[in-house]
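Let's take a friendly walk through this model. Have a look at the fold first, and then read on.

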Amino acid sequence: MNPLFVGIDVGSQSNAVYLMKPNGDKHSSFRMQNNLGGAKLLADRIVSAIQSQGLEGAVIGMEATSIYGDSLVYALREDGNLGQYPRKIHVLNPKQVNKFKESYPELPKNDDVDAFVIADKLRFGRITKEVYMDDYRYKALQTLTRARFYAVQDLTREKQRFANYLFLKCSGLAQDKDIINTSATTIALMERFETVDELAYTDLDELTAFIDEKGRNFADPAGKAKAIQSAARNSYRLPITVNNSVNQAMAVSIAAMRALEKQIKVLDKAIAQQFEIIPNTLTSVPGIGKVYSAGIIAEIGDINRVPALL
């Protein structure tokens, strides 16, 4: 194939584009908005260059830049005008581009330089794999599993934040290894009792009933109530002003944890639904459920993109 080489330096607002002829000469360079209209303009200008130069197709490349290039790849891949010509789309590792840039003794200092370097790297070849996007189901699944991953990370951080507040309010409870810092019972206790003294000296029978209601799975709620009161009595006491601020911060943390847990449940349901339409056998492995299987498959992608494995 005798193609046009297209280098794109992707940005959040606009993209710098460099069109290069097969012999390395410049055809044109320009900037376009990073939106649907800009992508359409880019596709039309690529087609115009292919036709005016009598070329056979296009090899298009851009750096991997977080999420900013994903939609552009979709738009170029789906463009009907550009689709009449053979084209390959590559998403390059920035390290590849920077290493290749080092081979130039002098480069112009302008915004188009990275687009030029990408186009020239494409011209030199040695890029055998274009971005595989024949099956959008995997990208959809990956979006959900990564969202869940970040939500779980946020929940973990919020639980640690709550544990810090717990130590401030009731240090003995935070130090007790038999009491989970972020359990439903612990959270309920912190919401129910404003100060550590209220918890330490409340009626034991009432506390036992409260723990039995909130814990539901304690074999000995009376024993647990005694242990909690003992931990509360051995806790540091905060000045009332500080205690009130800790209660407020703790309430925000509890609300955040509950919101994140709810979001994770919503994502779990969406992942399960998306995962059902993707053939797989990973769930047959003992100990690997649907969510973890989905995360693994979403990152590996469609096995059809690796010919050697077929």
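## The sheet

Two strands count as paired if DSSP finds at least two bridges between them. In this predicted model, five strands form an open sheet in the order 3-2-1-4-5, and their pairing is mixed. Strand 3 (26-33) and strand 5 (87-92) are the edge strands, each pairing on one side only. From one strand to the next, the twist averages 20°.

Seven bridges join strand 2 (residues 14-20) to strand 3 in the antiparallel sense. Methionine 20, for instance, has lysine 26 in strand 3 as its bridge partner.

## Helices across the sheet

Helix 2 (residues 70-78) lies across strand 1 (3-9), strand 2, strand 3, strand 4 (57-63) and strand 5, and runs at about 170° to strand 5. Helix 4 (residues 113-124) lies across strand 1, strand 2, strand 4 and strand 5, at about 145° to strand 1.

## A helix pair

Now turn to helix 5 (residues 136-169) and helix 11 (residues 240-275), which pack at an angle of about 160° with their axes 8 Å apart. The two helices are therefore roughly antiparallel, and their crossing is left-handed. The residues of this contact comprise 23 nonpolar, five polar and eight charged.

## Threonine 182

Threonine 182 sits in the loop between helix 6 (171-175) and helix 7 (184-192). Is this residue buried, partly exposed or exposed? Threonine 182 counts as partly exposed because its relative accessibility is 21%.

Leaving aside residues up to four places away in sequence, threonine 182 touches Lys159, Phe162, Ile187 and Met257. Its C-alpha atom is separated by 14 Å from that of valine 152, 30 residues apart along the chain.

Technical notes:
Residues are numbered from 1 along each chain as its sequence is written. This is a predicted model: local features need pLDDT of at least 70, side-chain atom pairs count only at pLDDT 80 or more; totals for chains, interfaces and linings use all residues. Side-chain values use heavy atoms; hydrogens and water are left out. Helices (H or I, at least four residues) and strands (E, at least two) are DSSP runs, numbered from the N terminus. Buried means under 20% relative accessible area, exposed over 50%, partly exposed in between (1.4 Å probe, protein chains only). Contact means heavy atoms within 4.5 Å. Axes are lines fitted to C-alpha atoms, for helices over the stretch in contact, and angles run from 0 to 180 degrees between N-to-C directions. Angles under 35 degrees count as roughly parallel, over 145 as roughly antiparallel, 65 to 115 as roughly perpendicular and the rest as oblique. A crossing is left-handed if the near helix is turned anticlockwise from the far one by less than a right angle, and right-handed if clockwise. Ala, Val, Leu, Ile, Met, Phe, Trp, Tyr, Cys and Pro count as nonpolar, Asp, Glu, Lys and Arg as charged, and the others, Gly among them, as polar.
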